[in-house]
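Please read it with the structure open beside the text.

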Amino acid sequence: MPKYKLEYIWLDGYSPLANLRSKTQIKEFASFPKLEELPQWNFDGSSTRQAEGKSADCLLRPVAVYPDSTRRNGVLVMCEVLLPDGSPHPSNTRATIPDDEGTWFGFEQEFFFYKDGAPLGFPPGGYPAPQGLYYTGVGYQSIGALARELVEQHMDICLDAGLNYEGTNAEVAKGQWEFQIFGKGSKKAADEIWVARYLLSRLTERYGIDIAWECKPIRGPFNEPLDWNGSGMHANFSTAYMREVGGKAYFEQLMGAFSKYMDEHIAVYGPDNHMRLTGLHETQSIDKFTYGVADRGSSIRIPHAFVNNGYRGYLEDRRPNSAADPYLVAGRILKTVQSVPTP
Ligand code: ADP
Ligand code: MN
Ligand code: MN
Ligand code: MN
């Protein structure tokens with residue numbers, strides 16, 4: 001029987017931002033293992049801020065499995081962290097998402113490539129040309145020599161893994177990119193964002209490059225040419241009811257609930273978001289909740305198609321930032337939607 005390299009991946013207990021952790025175990029299987037075949041495992045929680053030294057073991061419960069094309073017989077095993085009694089660990093944000101097959105999320109993950117303490121392509125100690133030609137740009141001057149190569153490799157590894165990677169584009173700042181992942185079921189896209197983040201951070205190790213997930217890594221004074229975009233993770237969402245029934249009255253109740261729970265949403269939309277949600281750079285400021293058709297300066301953007309289709313379809317919450325935990329974002333959005341009664 002072939003020996004498989006199982007890479008167990010989980011989130012640690014750091015706050016406000018959890019880090020990805022992983023370790024390998026080798027196991028024999030007749031063929032590529034199914035989720036049900038993968039055993040629980042454990043790790044030393046005292047080294048990840050998840051336990052005290054005395055009884056340090058935490059449990060890893062596999063929740064999703066993907067092929068890893070970068071390794072022979074490689075398997076990526078996304079896990080939840082459990083306490084020794086089998087209940088969810090307090091750091092286990094995935095366990096807080098209501099289960100709902102009919103809920104779909106599409107996340108747009110923005111990030112910066114970072115090398116030697118600056119975005120990839122920034123000249124040492126200085127700044128490149130101001131923003132303008134980087135977004136969806138082409139040519140060495142705008143893109144550099146390496147970024148697209150890394151994005152292409154990452155895209156292939158994600159597709160090989162079976163992730164529902166939907167697209168990618170160069171973003172507004174030099175060294176800044178985006179990829180999108182869509183999933184049906186309330187936890188699927190969030191699982192895949194974490195795995196895609198893992199694969200990107202792992203891929204760039206050998207290039208001496210890190211990924212800056214923080215939402216505002218370049219904090220220059222707000223004047224050209226030192227004013228640089230932050231990074232978001234727009235959350236596009238729909239439930240079966242929003243897609244199939246919807247309607248203007250329901251939509252307005254929904255926006256009432258999003259307005260009511262504004263603070264609860266901002267609390268899980270990523271640290272330092274006040275640096276990014278300033279009302280500039282296609283954002284609404286952090287202390288306002290607004291919505292508008294095709295309005296990229298509002299908190300929630302309503303696609304034209306949503307209105308044309310009788311207020312049915314998906315909405316885009318533009319506030320979550322690039323470092324936010326997609327489990328917390330998905331859970332909060334779904335809880336707010338579920339707080340609105342449907343007939
Ligand atoms: P933009 O940059 O204009 O905001 P993108 O194309 O980058 O748009 O992202 C749109 C996202 O919306 C994609 O991730 C896509 O998967 C997601 N999406 C499309 N339809 C739905 C839907 N019905 N429910 C949830 N998300 C959706
Ligand atoms: Mn986008
Ligand atoms: Mn974008
Ligand atoms: Mn968007």
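1. Basis of the model. This is a predicted model, in which local features need pLDDT of at least 70 and side-chain atom pairs count only at pLDDT 80 or more, while totals for chains, interfaces and linings use all residues. Residues are numbered from 1 along each chain as its sequence is written, and chains are lettered from A and ligands numbered from 1 in the order in which they are written.

2. Domains. The protein is divided into domain 1 (3–92) and domain 2 (103–339), with bounds that come from an automatic or database domain assignment. The C-alpha centres of the two domains lie 26 Å apart. Contact between them involves 15 residues of domain 1 and 14 residues of domain 2, where two residues are in contact if their C-beta atoms, placed from the backbone, lie within 7 Å.

3. The side of domain 1 that touches domain 2. Strand 2 (20–28), strand 4 (57–68) and strand 5 (74–82) each supply at least two residues to this side; helices (H or I, at least four residues) and strands (E, at least two) are DSSP runs, numbered from the N terminus. Strand 4 gives the largest share, 5 residues. By class, this side of domain 1 has 11 nonpolar, 3 polar and 1 charged residues, with Ala, Val, Leu, Ile, Met, Phe, Trp, Tyr, Cys and Pro counted as nonpolar, Asp, Glu, Lys and Arg as charged, and the others, Gly among them, as polar.

4. Ligand 1. Which residues come nearest to ligand 1? Of the 14 residues around it, they are Gly106, Phe182, Asn236, Ser238 and Tyr314, a residue being near if its C-beta atom, placed from the backbone, lies within 6 Å. Strand 6 (104–115), strand 9 (176–184) and strand 11 (233–238) are the elements that give two or more residues to this shell, which has 5 nonpolar, 6 polar and 3 charged residues.

5. Helix 2 and helix 3. The axes of helix 2 (residues 147–160) and helix 3 (residues 188–204) come within 10 Å and cross at roughly 135°; axes are lines fitted to C-alpha atoms, for helices over the stretch in contact, and angles run from 0 to 180 degrees between N-to-C directions. Helix 2 is therefore oblique to helix 3, since angles under 35 degrees count as roughly parallel, over 145 as roughly antiparallel, 65 to 115 as roughly perpendicular and the rest as oblique. Leu150, Gln153, His154, Ile157 and Cys158 in helix 2 meet Ala196, Leu199, Leu200, Leu203 and Thr204 in helix 3, and the residues of this contact divide into 7 nonpolar, 3 polar and no charged.

6. Helix 3 and helix 9. Helix 3 also packs with helix 9 (residues 326–338), at an angle of about 165° and with the axes 9 Å apart, which makes helix 3 roughly antiparallel to helix 9. Ala189, Ala190, Ile193 and Trp194 of helix 3 make the contact with Pro326, Tyr327 and Ala330 of helix 9, and by class it has 7 nonpolar, no polar and no charged residues.

7. Backbone details. Most residues other than glycine have a negative phi, and most peptide bonds are trans. The peptide bond from Ser15 to Pro16 is cis, with omega near 5°, and Pro16 lies in the loop between strand 1 (3–11) and strand 2. Arg49, although not a glycine, has a positive phi of about 60°.
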